[in-house]
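Have the model open while you read.

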Amino acid sequence: MERLQKVIAHAGVTSRRKAEEFIKEGRVQVNGKVVKELGTKVSPQNDTIEVDGVPVDKEQPVYFLLYKPRQVISAVSDDKQRKVVTDFFEDVAERIFPIGRLDYDTSGLILLTNDGEFANKMMHPASKIQKTYIAKVEGKPDKQLLKKLEKGIEIDGRKTAPAKVKINSANRKTNSSIVEIMIHEGRNQQVRKMFEHIGHPVIKLKREKYAFLTLENLHPGESRPLKPIEIKKLKDAAVT
Ligand code: URA
């Protein structure tokens, strides 16, 4: 949801200041009703906004896949002026935001959209969208510990849902291993906390897959629009 004057200004009708005047003058309607309140929140996609009886164009939904580099914030702005995921989309006019979060130091696949309903669906726990991470962890977790992760462990007072875990390689020299872990929950710092819990802290973390989507042909910092078939498949996979 966005402030009404911002949506009007963004649609190219007029400046934000002028839009505020129009609202105060009663020239703006939202879903057929005059709105004179400046702070009114509207959905640029779902609400019908009219200025002097002329509808303001609705924003078309857009969907992107980004290979987020490390040291980038999964947000649209940062009060410490650090790089944010939307900085990679300067040519995109729509107001996109990330679907969920990757930690500042986690790299990998993240989706961005301006479609709030779609984002909510993707993040709804019942949708159970599978995410695959590659973690470099300290030491080499034994089979028993991996089983524990798979069955679920308690973090932040709640048991994690079943996971799939596989050791890809182990390096005795650096005392570390590369582990693949697949989860469908999206709790805060979940993968880091899970490995911390079994005594093998994460050194490096990357999200390789989101549902059926991969980072194929992308380098860190690169993005691509989702294909219509991919959007449909994601919608079908989610709860309605
Ligand atoms: N789990 C984490 O610990 N960090 C992420 O960025 C994503 C999942």
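## Around the ligand

A polar side-chain atom of aspartate 103 lies 2.7 Å from a nitrogen atom of the ligand. That's one of the polar contacts in the table, meaning pairs of N or O atoms within 3.5 Å.

| Residue | Atom in the residue | Atom in the ligand | Distance |
|---|---|---|---|
| Aspartate 103 | polar side-chain atom | nitrogen | 2.7 Å |
| Threonine 106 | N or O atom in the side chain | oxygen | 3.0 Å |
| Glutamine 190 | polar backbone atom | oxygen | 3.4 Å |

On its own the ligand has 230 Å² of accessible area, and the protein covers 96% of that (Shrake-Rupley method, 1.4 Å probe).

A quick word on the source: this is a predicted model, where local features need pLDDT of at least 70 and side-chain atom pairs count only at pLDDT 80 or more, while totals for chains, interfaces and linings use all residues. Residues are numbered from 1 along each chain as its sequence is written, and side-chain values use heavy atoms, with hydrogens and water left out.

So who's in the shell? Leu102, Asp103, Thr106, Tyr133, Gln189, Gln190, Val191, Arg192 and Leu205 surround the ligand, each with a heavy atom within 4 Å of it. Helix H5 (residues 190-197) gives the largest share, three residues; helices here are DSSP runs (H or I, at least four residues), numbered from the N terminus.

Why does the ligand lie between two domains? Domain 2 (63-125 + 216-237) and domain 3 (130-210) both give residues to its shell, so that's where it ends up. The domain bounds come from an automatic or database assignment, which also gives domain 1 (2-55).

How values were computed:
Polar contact = N/O pair within 3.5 Å; in protein donor to acceptor, adjacent residues only side chain to side chain. Helix = DSSP H or I, 4+ residues; strand = E, 2+ residues; numbered from the N terminus.
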